[in-house]
Amino acid sequence: MSFADLFPEVPFKNPYWTLSGRIQGENGADFKPEDFTTELVEIRKWFRDVYRSTRSEAQCFIVERAKELTFEGARVVAISDKYDMVIPPQTNTPTRTSIDESWWNRHGVHKPIVARVHSHHIMDAYQSETDYKYLNAGLLEMVIGRIDHKDLRVAYWLDDTKTGRNKVTQVTIPLEKGV
């Protein structure tokens with residue numbers, strides 16, 4: 001028996017979403033990004049502020065307020081009646097956003113996070129090669145692209161921990177007012 005055998009890998013089970021051909025919630029209903037329009041609009045406002053001041057990408061988490069989670073060292077902002085936006089310590093550039101790894105390991109990993117959302121600022125919403133390579137924590141991943149446009153442009157996916165694959169869906173959510 002090797003030392004590594006003493007620590008069998010147990011894949012993280014997402015408490016909100018499963019992948020069985022499509023992303024489904026714990027009640028069996030299909031995931032619809034439109035159900036998160038209010039939250040995504042608020043997050044996009046923050047992404048716009050970040051882009052205006054630093055010309056960079058950024059990321060955050062959507063968490064249920066009812067869970068009363070603590071994220072030490074992160075900023076927590078109410079974005080709707082039900083959800084908060086958690087802004088973890090991160091390093092951002094025009095082409096990449098990265099959460100502080102030691103913070104993630106101490107305060108983020110295995111917390112009940114509804115979704116991780118990051119910005120592609122003025123680029124399209126899609127799963128980039130960097131996203132595919134590094135965003136694999138078993139979370140529902142969402143990208144908001146073209147943050148300067150009126151409508152919400154979103155790509156989303158959920159990693160399949162069995163195969164390591166995921167199906168990316170791109171959607172535009174029309175908004176009545178350009179928020």
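Two strands pair if DSSP finds at least two bridges between them. The legends below apply this to a predicted model.

**View 1. Strand β5 and its cover.** Strand β5 is mostly covered, with five of its five residues buried. In a regular strand, side chains alternate between the two faces of the sheet. From β5, Y83, M85 and I87 point one way, while D84 and V86 point the other way, and all are buried. β5 also runs antiparallel to β3, and four bridges join the two. F61 is placed opposite V86 of β5.

**View 2. The seven-stranded sheet.** The sheet is open and its pairing is mixed; the seven strands follow the order β4-β5-β3-β8-β9-β10-β11. β4 (75–78) and β11 (169–173) are the edge strands, and each has a single partner strand, so one side of each has no neighbour in the sheet. From one strand to the next, the twist averages 25°.

**View 3. The β9–β10 pair.** Six bridges link β9 (residues 140–145) to β10 (residues 152–158), and the pairing is antiparallel. Within this pair, V143 has A155 of β10 as its bridge partner.

**View 4. Helix α1 on the sheet.** Helix α1 spans residues 37–54 and lies across β3 (59–64), β4, β5 (83–87), β8 (115–119), β9, β10 and β11. The angle between α1 and β3 is about 150°.

**View 5. The nonpolar cores.** The largest nonpolar core has 33 residues. Those with the most contacts inside this core are W17, L40, I43, F47, V117 and M142. At least two residues of the core come from each of α1, β3, β5, β8, β9, β10 and β11. The greatest contribution is that of α1, with seven residues. A second, separate core has nine residues, among them V63, F71, I99 and I113.

View 6. K13 and H110 are 97 residues apart in sequence, and their C-alpha atoms are 8.5 Å apart in space.

**View 7. The whole chain, for orientation.** The protein chain contains three helices and eleven strands. Along the sequence, these elements follow the pattern β-β-α-β-β-β-β-β-α-β-α-β-β-β. Of the 179 residues, 44% count as buried. Among contacts between residues at least 6 apart in sequence, 57% join residues at least 24 apart. The chain exposes about 10200 Å², and carbon and sulfur atoms supply 49% of this area.

Methods. Residues are numbered from 1 along each chain as its sequence is written. This is a predicted model: local features need pLDDT of at least 70, side-chain atom pairs count only at pLDDT 80 or more; totals for chains, interfaces and linings use all residues. Side-chain values use heavy atoms; hydrogens and water are left out. Axes are lines fitted to C-alpha atoms, for helices over the stretch in contact, and angles run from 0 to 180 degrees between N-to-C directions. Contact means heavy atoms within 4.5 Å. Buried means under 20% relative accessible area, exposed over 50%, partly exposed in between (1.4 Å probe, protein chains only). Accessible areas come from the Shrake-Rupley method with a 1.4 Å probe; for residues, only the protein chains shown count as cover. A nonpolar core is a set of buried Ala, Val, Leu, Ile, Met, Phe, Trp, Tyr and Cys residues joined through side-chain atoms within 4.5 Å.
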